[in-house]
2 protein chains.
Amino acid sequence: MTEPAFPRLALIGIGLIGSSISHAARRAHAAGHIAIHSRTPATLARAEALGLGDSYHADPADAVRDADAVILCIPVGASGAAAAAIAPALKPGAIVSDVGSVKASVVAQVAPHLPAFVHFVPAHPVAGTEYSGPDAGFAALFDNRWCILTPPPGTDAEAVERLHDFWRRLGANVEVMTPEHHDLVLAITSHVPHLIAYNIVGTAAHLETVTQSEVMKFSAGGFRDFTRIAASDPTMWRDVFLNNREAVLEMLGRFTEDLAALQRNIRYGEGDALFELFTRTRAIRRGIIAAGQETDAPDFGRPHGSGEDAPG
Amino acid sequence: MTEPAFPRLALIGIGLIGSSISHAARRAHAAGHIAIHSRTPATLARAEALGLGDSYHADPADAVRDADAVILCIPVGASGAAAAAIAPALKPGAIVSDVGSVKASVVAQVAPHLPAFVHFVPAHPVAGTEYSGPDAGFAALFDNRWCILTPPPGTDAEAVERLHDFWRRLGANVEVMTPEHHDLVLAITSHVPHLIAYNIVGTAAHLETVTQSEVMKFSAGGFRDFTRIAASDPTMWRDVFLNNREAVLEMLGRFTEDLAALQRNIRYGEGDALFELFTRTRAIRRGIIAAGQETDAPDFGRPHGSGEDAPG
């Protein structure tokens, strides 16, 4: 058996991502002792019932004591308070990381609280499902997905290398970039897509001419795919938009500008312009399938057959 | 064995929907002889190689001769020309139907060409995948999905009942409404979702600050779900937007109005408003799962595991 990347790992927060790290770390023998903290007693009890850790701590400082690596697995808006709470108990040389979907704001919130003798290496595994909570995690969540590291300038190279190795062992590919560039990339590949999904589901819920029952019954024409995205954790996503405001507003501006042009194409019956766009977008999807980030099974690999995809 | 709903069925067009009707009709013994026409010789040859029909016809008039039911399975923009081509060969008492995603425009295009001695019952099975062509069809596509019939006032009740029975035997649930109401419902549940999916994929392809390679690599955060929708058939979708202009522009207006409000929420840091919307949208998804229109498997039931969802 290989040596664990971290003899003692602390997970601060144990939702979808935290519990998936636990499963994946155990599958890969990437961590020795796993110490878990949740500020919600019921969640901590559930994590214990699921056996996700080796010790469970109501106080985050207790969870991080003696830990070689600490990963914040919480909504980004809670990062600063969590960093303040764990800082006094951190071990010299420990690696502190996170999994937040926004990076510049997390750096600004967390870095000021940390002692100089720890290594801060922010991270973002680009993976998830529409489910949340400690029951939602599974070991394969990060397989063949990308984990982006955004170490501040001057971060200890060995610490970056150790976290890189940890994520590789969890199944992920690893890329390094600046927090600012990360936030722009994710604004277009994740944040704005979530925003427009939430928005159209909200629009559909408030029409006078079409009932909610009709929206649900006839959702297989495309709408249902948006509802998956719009079922993601509300706290996490509120924090994403509040903490990546500038990049989201910039990308949203581009989106609405393009949408206005498309609206004009429809109003004036410009079929060639529509056809040209609808053809071009297929190439992007082929690229995503080729990059291994999507299955090419039809209909997202949804099961087909009268019984299989009935409600469970 | 039960009697077929239609001793002789003609399919005008043999793409995803036409070929799925063939598979589903055979599974259910819902049609006797299946006559197939495609205006593209290669598609007709492919349909024959796949054994999708019992006879194959380069001339649509030949395909519909003696048919008890004729279903146009073509982009809605081609409906008028197809109706004109088949009209002289239709058998008295035949049912003429279609599968178009827009109904008022199809009624306006098709009805004037049809002789008084046939029954015109427009239909729209709300089902599909991102694939197109005769190879894309499968028998279970319509299982537990809805097929909407929009018979004009005064349509023969027995003809509506026979088409209703046919779609039930293909696995679908059937609902009847006016063409105008259909077009409003589908504008919000299908047409506008497709439009914004095409739009964001287009936006992402033209950024200066984020590369296409980055968009593809980090698409698992939400973007990839939009690319599936934006990979749908360009001709079909061009025709949908050109032929359902008013309803699409109306629903798009609601969408952009709501999006502007959300943009303000983000700009001014109004977290409570974001949280409230993000919570409300979850209820709609629960309704869709309860209505049997979506699986509740995480991540759309995408396979998880390092090998399984690698590129095929």
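Biologist: A crossing is left-handed if the near helix is turned anticlockwise from the far one by less than a right angle, and right-handed if clockwise. So much for terms: is the crossing of H10(A) and H12(B) left-handed or right-handed?

Modeller: H10(A) passes H12(B) in a right-handed crossing. Helices here are DSSP runs (H or I, at least four residues), numbered from the N terminus. This is a predicted model, where local features need pLDDT of at least 70 and side-chain atom pairs 80 or more, while totals for chains, interfaces and linings use all residues. Residues count from 1 along each chain as written, with chains lettered from A and ligands numbered from 1 in written order.

Biologist: What angle do H10(A) and H12(B) pack at, and how far apart are the axes?

Modeller: About 140 degrees, with the axes 9 Å apart. The axes are lines fitted to C-alpha atoms over the stretch in contact, and angles run from 0 to 180 degrees between N-to-C directions.

Biologist: Which residues of H10(A) meet H12(B)?

Modeller: A:Pro234, A:Thr235, A:Trp237, A:Arg238, A:Phe241 and A:Leu242. In H12(B), the partners are B:Gly271, B:Leu274, B:Phe275, B:Phe278 and B:Thr279.

Biologist: Zooming out, how many residues of chain A are in contact with chain B?

Modeller: 109, against 108 residues of chain B; contact means C-beta atoms, placed from the backbone, within 7 Å. H7(A) gives the largest share of chain A's side, 18 residues.

Biologist: And what rotation superposes chain A on chain B?

Modeller: 180 degrees, with 0.0 Å of shift along the axis and RMSD 0.0 Å, fitted by least squares on C-alpha atoms with pLDDT of at least 70 in both copies. The two copies are thus related as by a two-fold rotation axis.

Biologist: Why say the copies meet through the same surface?

Modeller: Because 99% of the interface residues of chain A are also interface residues in chain B.

How values were computed
Contact = placed C-beta atoms within 7 Å. Helix = DSSP H or I, 4+ residues; strand = E, 2+ residues; numbered from the N terminus.
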